[in-house]
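Biologist: Could you walk me through this one? I'd like to start with the metal site.

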Amino acid sequence: MKTAMLPFLGKTPLLAAALGLLALAGLATQPASAEERAKDLFGAKKLPAATAAQSIGFYSKGCFAGGVAIPMDGPTWEVMRPSRNRRWGHPAMIAVIEQLSRDAAVDGWPGLLIGDISQPRGGPMMTGHASHQIGLDADIWLTPMPSRPLSMAQRESMSATLMVDEKTHLVKDALWTPAHTRLLKRAASYSQVERILVNPGIKKKLCDTVKGDRSWLRKVRPFWGHDYHFHMRIGCQPGSPGCKAQEATPDDDGCGKPLAWWFTQEPWRPNKNPDAPKARDLMTMANLPSECRAVLDAPGPASAEAATYHGGSVPVAVAAPEPEAPSLPATAASGMTGLPSAVNAFTATPEIGVPLPRPRPPGN
Ligand SMILES: [Zn+2]
C-alpha cells in the first residue's frame, strides 16, 4: 500500500502518464479541482444530488447520486451522531435498514440505533471509514434502542457497548444475548445484503453457538473493529451500471481456517507506520470515477426533508425540483480505468475494503 503510493506522491513519469490518460478522457479541463482532496469536496455537501439513484465506483472508492436520508426517528429506530450528517444512502439501502428495524422488533430487538451510513453524495469521508462511499454500507449499533427516546445531545454523546474483550478478542459472554444473534441473522436474511462485517470474536461466537440453519453465516465476515456495531453492506442496485461489485463471499460458513487466522498474533501486530497517510487523505477527484464530478456539481433538493425516505416506492430525491439536473453518463467505465493499476493506490485491498484474510504464511 505504502509502496504503491510513493510514485503517486512523487509525481514520477508514471503519474505523468496517468495524467496524460486523464487528459485524453477529457478530465484535464478542470485540473484545479482534480487536485483538490475528494474528502473535502464531498464532506462539504449537505444535501444529495437530486437525480435518479445511482451508485458509482466501489465501496471504498466512489460516490452516489439520488441519495435519500433515513428520518432521524422512526417507530423502531433512532439515528445516532446526527451532527455528522451521515444518514444518507441509496434508497434501497435505506429501505433495507427500515425493514430490518421492523423485523428485528418482531424478533425482540426493541429498535435500531443507526450509526454512519454515507455522506449525502458519498465519497471519502473526513474521518473514519474507508468504505461507505457509494450509499450501500450502513453501521448498526450492537446496543438496542433504549425505551426512552434519546435527545439529540444524548445521541451525540452516548457510547455504544464494547462487545469484545480487547485482549482475548473473544465476545464478553455477559453481554452477548440470543437477541444479538437473531438481529444478525435477520440482517443476513435479506437478499440485498451481501456482507455483514463483525469483529472476529463475534463471528466466533456465532460459529460456536448457531444451531440449525447455518447458511447465513456465509455472509457474516470477520474484520477489525466492528465490536460496538456491525456493518451491513448491500450489493450494487439496478440502475447503477458504474457500480463495481465486490467478490462474492465463499460458499462455506467461514468458521474454519480463515477465522482461525484472526486468533493468531498476525492480525493484531502494531502498525509499523501509524502516521502513514490514509487513502482518504490522498484521494483527489482524479482518483474517483469521473462521473463523481457530475455528482458533486449536480443541484440538490429543496431541503433535507425533501429527500428523506418515508417508506413506499417513491424515489424522493427524483421528486424534488431538479430543473438543471445534469445527465450522468450511463457508464462509469472511463473513471474506473482512468489510472494504470501501477499508480492506483486505491485499488480495493483487504486492508481498506473487502475482508478476505490471507492464510498465515507457512511456517510462521
Ligand atoms: Zn461501517
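Biologist: How are the donor residues of the zinc ion spaced in sequence?

Modeller: This is a predicted model, where local features need pLDDT of at least 70, side-chain atom pairs count only at pLDDT 80 or more, and totals for chains, interfaces and linings use all residues. Residues are numbered from 1 along each chain as its sequence is written, and side-chain values use heavy atoms, with hydrogens and water left out. Donors are N, O and S atoms within 2.8 Å of the metal (3.2 Å for Na, K and Ca), and sites may look incomplete as water is not among the atoms. For the zinc ion, the spacing reads H-x6-D-x91-H.

Biologist: Which protein atoms are the donors, and at what distance from the zinc ion?

Modeller: His132 sits in the loop between β7 (112-114) and β8 (137-141), while His231 is in strand β11, 99 residues apart; strands here are DSSP runs of E, at least two residues, and helices are runs of H or I, at least four, numbered from the N terminus. The donors are His132 (NE2), Asp139 (OD) and His231 (ND1), at 2.0 to 2.2 Å.

Biologist: Is His132 buried or exposed?

Modeller: Buried means under 20% relative accessible area, exposed over 50%, and partly exposed in between (1.4 Å probe, protein chains only). His132 has 1% relative accessibility, so it counts as buried.

Biologist: Why is the pair of Trp224 and Trp262 edge-to-face?

Modeller: Rings of Phe, Tyr and Trp (its six-membered ring) pair if their centres lie within 6.5 Å; planes under 30 degrees apart are stacked, over 60 edge-to-face, the rest tilted. A search of the whole structure gives six such pairs. The centres of Trp224 and Trp262 are 4.6 Å apart and the planes are at 75°, so the pair comes out as edge-to-face.

Biologist: What is the distance between the end C-alpha atoms of helix α5, and how many of its residues are buried?

Modeller: The expected span is 1.5 Å times one less than the number of residues. For the 17 residues of α5 (residues 91-107) that should be 24 Å, and the end C-alpha atoms are 24 Å apart, which agrees. Met93, Ile97 and Leu100 are among the buried residues.
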